[in-house]
Amino acid sequence: MDKFTNSAWFMRIVAFALAALLFISINFEMESDKKSLGLSTAPEISTETIENVPVEVYYDRENLVVSGVPETVDVTLKGAKSLLINAKNQRDFKVYVDLSDPAISMGDRTVTFKISELNEKLVATIDPEYAEVNVQERVTKEFSVEAEYNSSLLEEGYTAGQPTVSPKTVKITGAKDAIEQISYVKANLEISKGLNETVNSKATVKALDRDLNKLDVTIEPSSVAVSLKVSIPSKTVSIAPKQTGKAKDGIRITSISVDPKEVTLFGSETSLEKIDEINLPVNISKIDGDTELELDLNKPESVQKMSLGKAQVKIRTEKVDVDEENAEPVVKEEEPETEQKQEEQVVEEKPEAEEEDEAAAIESKTFNNIQIVPVGIRDDQDAELETDVTSITLLGEADDLKKITKDDINLTVDVSNLDEGTHDVDLAVTVPEGVEWELDSKTVSVTITQKDEET
């Protein structure tokens, strides 16, 4: 046994066995270390699809327009899982189409998508692989803008004028063939409810072809200011007090007057044509003496609105003996007046104190449909009055009033310093000396617009 263990072959076999054990042990430890550090010699291969990756287009943006390139594509990556996770989270690669060649020709062409800044150990597949694009010369042209709105939204009785736009023109930039297809440039006024007042708003501008399809162009400015004047026809009629009920014993009604004498009605023209006056019932059954009342005016159903809802009524009385009850009372009720009578009639208002000199009493005379004249209109502007006529009441002595006609009265409104838009402006009144005047309204609404420039 000693001879065998001391032989050279025995020693060689033992040394080889020890070397083999040492090699196996060292390799095992190295593999363990690599796995713990992610340095496996056989990495796990996987695939990952990244959706909606933006596409960049390189071309001469100053002179060309490129269409047909999709905004995004899907990219499928293949490689080590750790690299895929990093690429998906960071998205530090780019997908692009290169049309930057100065010698590129106009028209349709097929281009492939390319990818850059991607880890070289990953393999990318792009879906779709290519795109059909169109390259056109970039053109800029000026167009007039037409405003529009849904006229069916106008409330009953209201009317609307032609909408105005500011600025009146826009610059549109796009491919040459797209610019040539433009048939309409519209600014649509967005209205969500019934129209019963003037609208001033911003509206987005759209370029449309003849089939009203929206074109892919750039518009500057992209929105414009639109003004739409909405109004309602009006008519001024007299207020006619009508006596109702029976006066108390010993009381006689001598006069019934109303202030104001007129009211303005608003509604459709056909409805207003049928109304000549507004009746105001006055119940005298509870009147004990001279009385002043504030009574509601009844709005006709066909009328949209009235300038006032109440009127002051003055009732004058006298006491009589019971024996005179059967005598016919003398009651002055204001009769409906025709336009001519309203213009020329002198309504006498006698003072309550009978001892005053009647010859010097102040009386009134009402003129209707007096024209309001705008003055100071600039050459580049138009002025439109909400109403161009009104009524005026003159106060003075009877002899002076009899000599006055409509031609002696001038109503003007100064628009010389008004900017574009709607304004309430004071009326300037010129009447003969020695008389005072009264107006239902001392101001009038004036809308100033810029005239269209001649081309």
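Modeller: Rings of Phe, Tyr and Trp (its six-membered ring) pair if their centres lie within 6.5 Å; planes under 30 degrees apart count as stacked, over 60 as edge-to-face and the rest as tilted. The structure holds one aromatic pair. This is a predicted model, in which local features need pLDDT of at least 70 and side-chain atom pairs count only at pLDDT 80 or more, while totals for chains, interfaces and linings use all residues. Residues are numbered from 1 along each chain as its sequence is written, and side-chain values use heavy atoms, with hydrogens and water left out.

Colleague: Why is the pair of tyrosine 58 and tyrosine 96 called tilted?

Modeller: The centres are 5.4 Å apart and the planes make 35°.

Colleague: Why is tyrosine 96 called buried, and tyrosine 58 partly exposed?

Modeller: Buried means under 20% relative accessible area, exposed over 50%, and partly exposed in between, with a 1.4 Å probe and protein chains only. Tyrosine 96 has 18%, so it counts as buried; tyrosine 58 has 31%, so it is partly exposed.

Colleague: How do you know that strand 18 and strand 21 pair?

Modeller: Two strands pair if DSSP finds at least two bridges between them. Strand 18 (residues 234–244) and strand 21 have seven bridges, in the parallel sense, so they meet that condition. In strand 21, valine 282 is the bridge partner of glutamine 243.

Colleague: What makes strand 21 (277–283) an edge strand?

Modeller: The open sheet has four strands in the order 21-18-20-23, with mixed pairing. Strand 21 and strand 23 (305–306) each pair on one side only.

Colleague: Why is the link between asparagine 283 and serine 285 called a polar contact?

Modeller: A polar contact is a pair of N or O atoms within 3.5 Å; within protein, one must be able to donate a hydrogen and the other to accept it, and residues adjacent in sequence count only if both atoms are side-chain atoms. The side chains of asparagine 283 and serine 285 are joined at 2.7 Å, so the distance is within the limit. Asparagine 283 lies in strand 21 and, at 44% relative accessibility, is partly exposed.

Note on methods:
Helix = DSSP H or I, 4+ residues; strand = E, 2+ residues; numbered from the N terminus.
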